[in-house]
Every structure is written in structure tokens, then in C-alpha cells.
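Dear colleague,

Please find below the structure that I am handing over to you. My findings follow directly after it.

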Amino acid sequence: MAGYDVVIEKIRGTGRAATRVAEGLRGAKCSAAVPSGDAGMPGARCVGKLAAVKQALRDREQSYERRLDTHAASMARAADLYSSREDAATADLSVPAQSTGGRKPI
């Protein structure tokens, strides 16, 4: 697999990086920083807003985590495909020849 090993390893590295970021997000639990319940202000109008903000943050965290997991899995599949199939690597990872001048197509 001459010439493609570096690209394939970069693809694998991208997938591993996405996995690490997703794990970091799961560990951070940013939505947990928003207080639950009445937040020490019983009856305040902001109580409902805090719950909405907490849920919005939780939904966004889960969405980012899912998307990062999907990206990591896609990168792993691509690297496996390119490692096992020279024709796929050649077709997808080759740089097209650049025109050196001359007539341009209309």
C-alpha cells in the first residue's frame, strides 16, 4: 500500500481523537452545573427557565456525543477499508493531476 499508509493512519487518528472528545464531553457533564429544583429561590419565575436550560444543555451534549461517536466509527471503517483494499485507497486518496496550462474545457 505504497504512499497511503500515512493518510490511513491520519484517518485512524482522527477517529481516535473524536472518541477522546466524546469521552471528555461525557465526563464533563456540563448540564450538571445548572442547578436542579428551585435553585434556592422557591417560587421564582426563573425556576422553569433553569429546567429548560438544563434540558437544552443535556440534549446538546448527547447530540454532540452521538455525532462524535458516529464520526469515529466512520473513520475506523474508512481506515479498515483502505487498509484492506488497495483499489479503494487509490480511487479515494489519490490527488488528481493538476493542469499545467493549455486549453481549458468549455
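Of the 106 residues in the protein, 17% are buried. Please bear in mind that this is a predicted model. The accessible surface comes to about 7700 Å², and carbon and sulfur atoms account for 58% of it.

The protein contains three helices and zero strands, so that its pattern along the sequence reads α-α-α. Among contacts between residues at least 6 apart in sequence, 70% join residues at least 24 apart.

Helix α2 covers residues 46-84 and has 39 residues. At 1.5 Å a residue it should span 57 Å, and because its end C-alpha atoms are 57 Å apart, the model agrees with that expectation. The buried residues of α2 are Lys54, Glu61, Glu65, Ala72, Ala78, Ala79 and Tyr82. They pack against α1 (5-28) and α3 (86-93).

The largest nonpolar core consists of eight residues, namely Ile8, Ile11, Ala78, Ala79, Tyr82, Ala88, Ala89 and Leu93. At least two residues of this core come from each of α1, α2 and α3. In soluble globular proteins, nonpolar side chains tend to be buried together.

How do α2 and α3 meet, and at what angle? Their axes lie 5 Å apart, and the helices pack at an angle of about 115°. On the α2 side, Leu81, Tyr82 and Ser84 take part, and they meet Glu86, Ala88, Ala89, Asp92 and Leu93 of α3. The residues of this contact comprise five nonpolar, one polar and two charged.

With kind regards

Definitions and conventions. Residues numbered from 1 in each chain as written. Predicted model: local features only at pLDDT ≥ 70, side-chain atom pairs only at ≥ 80, totals over all residues. Heavy atoms only, no water. Helix = DSSP H or I, 4+ residues; strand = E, 2+ residues; numbered from the N terminus. Expected span 1.5 Å × (residues − 1). Buried < 20%, exposed > 50% of the residue type's maximum accessible area, 1.4 Å probe, protein only. Contact = heavy atoms within 4.5 Å. Core = buried A, V, L, I, M, F, W, Y, C linked by side-chain atoms within 4.5 Å. Axes fitted to C-alpha atoms, helices over the stretch in contact; angles between N-to-C directions. Nonpolar A, V, L, I, M, F, W, Y, C, P; charged D, E, K, R; others polar. Areas by Shrake-Rupley, 256 points an atom, 1.4 Å probe, with all protein chains shown as cover.
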